[in-house]
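Opening the notebook on a new model today.

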Amino acid sequence: MSVHPVERRWFWISTLLVVAMGVLIVYTAAAMRIHPPSNVETIDSTRLHLNPEFAEDRLGVESRADGSVVVRLVMARYSVHPQEITVPAGTPLVIRAASADVLHGLHVAGTNIGTQVVPGYVSEVHTTISLESVAKVGVVNADGSVTVPLYCNEYCGPGHQSMWGRVKVMRP
Amino acid sequence: MSAPGPARSVAPRGLALAHLWVAFGLFAVGSLLGLFQLLARERVVAVPAATYYQSMTLHGVIQAFVLTTFFIVGFGYFVTATSLSRPVLWPRLAWLGYFTMLVGTVLAALSIASGASTVLYTFYPPMIAHWTFYAGAALLLVGSLPWTVTTIAMTARWKRENPNQPVPLAQFGMASCAILWAWTLVGVVVEVVFQLLPVSLGLSGTVDVGLARTLFSWTLHPIVYFWLIPAYVALYTIVPKAAGGYLFSDEAGRIVFVMLLVFSLPIGLHHVFLDPEQAAGWKLLHALGTFLVALPTLLTGFTVSASLETAGRLRGGRGLFGWIGKLPWREPVALGGILALVTLLPGGFGGLVNASYALNVMVHNTAWITAHFHLIFGGAVVLVYFASAYALWPRLTGRRLASRGAAALQLWLWFVGMLTLTVPWHSLGLLWMPRRIAFAPYDPQIVARWQPYSGVMIVGGGMLVVSAVLFVANLLASHRSRPEMPEPMTYAETLEPVVRVPALLNGFTVWNWLLLALMTISWAYPIGQFFFIGVHKALPWGVR
C-alpha cells in the first residue's frame with residue numbers, strides 16, 4: 001500500500017480541521033452553556049387541556065420573583081395560543097411550549113428561540129432577546145418596541161403556513 | 001484489477017435500463033412539480049394550500065426515494081457485473097425486486113394523488129397517511145433488498161475465487177453502499193412496520209412520537225450517503241477515465257468508502273437537535289460524529305481533483321492551474337464530474353453549519369435547510385447521476401449518444417440553474433423564512449424583503465426544468481441514434497498499479513463489528529429510554 005506524501009499531508013490537514021471544529025463545538029457547549037432544547041420532560045398531550053400548567057389562564061407571559069420571565073405556549077392546528085405576546089428585551093426568558101395535537105415547530109425570527117414541539121413532551125428554551133437583533137428583522141414600532149413573527153416551522157397540515165403569531169419585544 | 005473479460009456481454013442491459021428509466025422518467029415529473037411549487041408559493045399560479053403540500057409530497061417522494069433507489073439499484077447492477085466481469089448472480093430475484101419497487105412506487109403515488117396522504121416525504125407522526133402510502137413506501141424499500149443481497153454475495157464470491165486479489169475499487173464502493181443500505185433501513189423499516197402501518201390500519205390507537213422520530217433519524221443521515229456513495233464511485237472510477245486521466249489513489253478511495261460506512265450511521269441525532277425528547281449529551285456525541293463524516297468528503301475532493309489534474313497534464317496542461325483549462329470540458333461524463341465537484345464545496349460548507357450543535361437553531365427548518373439539500377443532493381449528486389447516465393447509455397443501448405452537445409449544455413444549465421435556485425434560497429433562510437410554506441401570509445414588511453430572492457429562484461427553477469427535459473429527451477433519442485459497438489466498460493486505472501491492499505481495505509467484516517459497537521453506544525440509550533421514561537403516546541391525526 002502506498003500513500004502519496006501530498007495525500008498524507010492533506011489527510012492530516014483535513015483531520016486537524018475537523019478536530020478543531022469539534023473542539024469549538026464542545027467549547028461553546030461546555031463553557032458558554034449553549035445547548036439546544038433538550039429537557040426530555042414528558043406530558044400527556046391528549047389531555048393537555050386538563051393539565052394545570054397549560055390551562056388557558058396560565059398561557060402567555062408570567063413574571064417570576066427572581067426577575068426572569070416564563071412564557072407558556074400551546075400549539076395546535078392551526079394557531080399559537082396566545083397569538084401575541086409581549087416580552088422584555090435583555091431579560092432571561094424561559095419558553096415552555098406543548099402541542100395539543102400533531103408535531104409543530106416554534107421559531108421566533110431574529111432570536112435563537114427555536115424548538116420542535118413534539119406531542120408528549122414539553123419543549124423548553126432558555127434565552128435572552130437582544131433588541132438590536134430583532135430590530136434588524138422585525139417591524140419597529142413608534143414606541144421603540146419591535147414586533148417579530150413567531151412561526152410554526154414544522155409542516156402540520158394544509159393550514160400550516162397560517163399558523164403564526166407575533167412577539168413584541170419591549171425595552172427592558 | 002480483475003482480468004479483462006467480455007465486459008459487454010455481462011452488462012445487465014435490460015435490467016439496468018428498466019431501473020434507470022423509472023428513475024429518470026419520474027425525475028422529470030418531479031422537476032416540473034418543483035417549478036410548480038415555486039410559482040405557487042409566490043402566487044404566480046393560485047392553488048389551494050393543500051394542493052401545494054400534495055405536490056410537495058410527490059416531489060419529495062419522487063426525487064428523494066424513487067429517483068435515488070431506482071438509479072442506485074440499476075447503476076449498482078451494472079457496476080457490479082462489469083467491474084467483476086460476470087453476469088448478475090440471480091437475475092430472477094433482481095427482476096422480482098424491480099417489480100416490487102415498481103408496485104410500491106405506483107401504490108404510494110396513487111395514495112398521494114388521492115389527497116389522503118399529504119404527509120410530505122418525511123411523514124412525521126402523529127399525522128397519519130392512508131395505509132397505502134406506508135405500504136407503498138415499504139415495498140419500495142423491501143424491493144431494493146435483492147440488490148443489497150446480490151451485491152454483497154457477488155463480492156464475497158469474487159473474493160473466494162480471487163484470493164489475495166484486491167476487489168476492484170468500483171465494486172468495493174458499491175459493496176459499502178449495499179452494506180450501508182442494510183444498516184440504514186433498520187430505523188425507518190421498524191418505524192413504518194411496527195408503528196405507522198398498524199396505526200394507519202386502525203390496529204393500534206396511539207403512536208410513540210418520540211420513538212418514531214428517533215428511529216427515523218437513525219435512517220435520515222446514512223440514507224444521504226446511500227445516495228452519495230454511487231456518485232463517489234463514479235467520481236473515483238468513471239470520471240477520471242472519461243477525462244483521460246488516472247485515479248490518483250486507489251487506497252484513498254477504499255479508506256473513504258469505509259469511513260462513509262462507519263461514520264455516517266452513528267450520528268443521526270443531529271436531525272433532532274431541536275427535539276425535546278433527546279438529552280443534550282447524546283446530541284453532542286452525535287454532533288461530534290457528524291464532523292468526522294466531513295473527513296471522507298474532504299479526502300474525496302482532494303483525490304478526485306488530483307485525478308483530474310493527471311488528465312489535464314496528460315492533455316498538455318502546464319503550471320499550477322494550466323491543467324484546468326486543458327480538461328475535456330465538452331466531454332459530458334467529465335464535465336458532469338467536474339461541475340459536481342465544484343458544487344460539493346459550497347454544499348459541504350452549508351452542511352458543516354447545519355451540523356454545528358449550537359448554530360443549528362438559527363437555520364433549523366428555515367429555507368436554508370431546503371436550499372442546502374437541493375444544492376448538495378440535487379446539485380452535486382444528481383450531476384454525477386447525469387454523468388453516469390451519459391457513460392452508461394451507449395453501453396446499455398449499443399448506440400451512440402444522440403447529442404453530446406446537448407448533454408454538455410444540459411449539464412451547464414443544471415449547474416447554473418441549481419446555483420441560481422439555491423444561493424438566494426440560502427439567503428431566504430438567513431432572513432428567517434420557514435421551509436415548507438404554501439405561501440407567506442406574514443407581516444408585509446417581512447415578506448417584502450423575501451420577494452426579490454424568490455423571484456431569482458423562479459428563474460433558477462425554470463432553467464432546471466429545461467435541463468431536465470433536455471436530459472430525458474437526449475436519452476430517449478439515444479435509443480434511436482446510430483448503432484455503435486461500444487467499448488467494454490472499464491474503470492479508471494490508478495497512477496501506480498494496485499497489486500495488494502491490506503485485508504482491512506478489501507472487506508467489511510471488521511468494519512461491521514466496529515459499526516455494531518458504535519451503533520450500540522450511539523443508539524441503545526436514545527432508543528431504549530422510551531421504554532422507561534414514562535412516555536405518553538399521541539393520538540393519530542388525519543392529514544387535514
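Predicted model: local features only at pLDDT ≥ 70, side-chain atom pairs only at ≥ 80, totals over all residues.

Residues are numbered from 1 along each chain as its sequence is written, chains are lettered from A and ligands numbered from 1 in the order written, and side-chain values use heavy atoms, with hydrogens and water left out.

**Strand entry.** I looked up β7(A), residues 104-108; strands are DSSP runs of E, at least two residues, numbered from the N terminus. Five of its five residues are buried (under 20% relative accessible area, 1.4 Å probe, protein chains only). I see A:His104, A:Leu106 and A:Val108 pointing one way, with A:Gly105 and A:His107 going the other.

**Neighbours.** β7(A) pairs with β8(A), residues 114-117, in the antiparallel sense over four bridges (pairing takes at least two DSSP bridges). A:His104 stands opposite A:Val117 there. The two strands form a hairpin with five residues between them, and A:Gly110 in the turn has a positive phi of about 80°. β11(A), residues 146-151, also pairs antiparallel with β7(A), over two bridges, and I found A:His107 opposite A:Tyr151.

**Helix entry.** How do the axes of α18(B) and α19(B) cross? Those of α18(B), residues 404-430, and α19(B), residues 444-477, come within 8 Å and cross at roughly 155°. That makes α18(B) roughly antiparallel to α19(B) (angles over 145 degrees).

Terms used: Axes fitted to C-alpha atoms, helices over the stretch in contact; angles between N-to-C directions. Parallel < 35°, antiparallel > 145°, perpendicular 65-115°, else oblique. Buried < 20%, exposed > 50% of the residue type's maximum accessible area, 1.4 Å probe, protein only.
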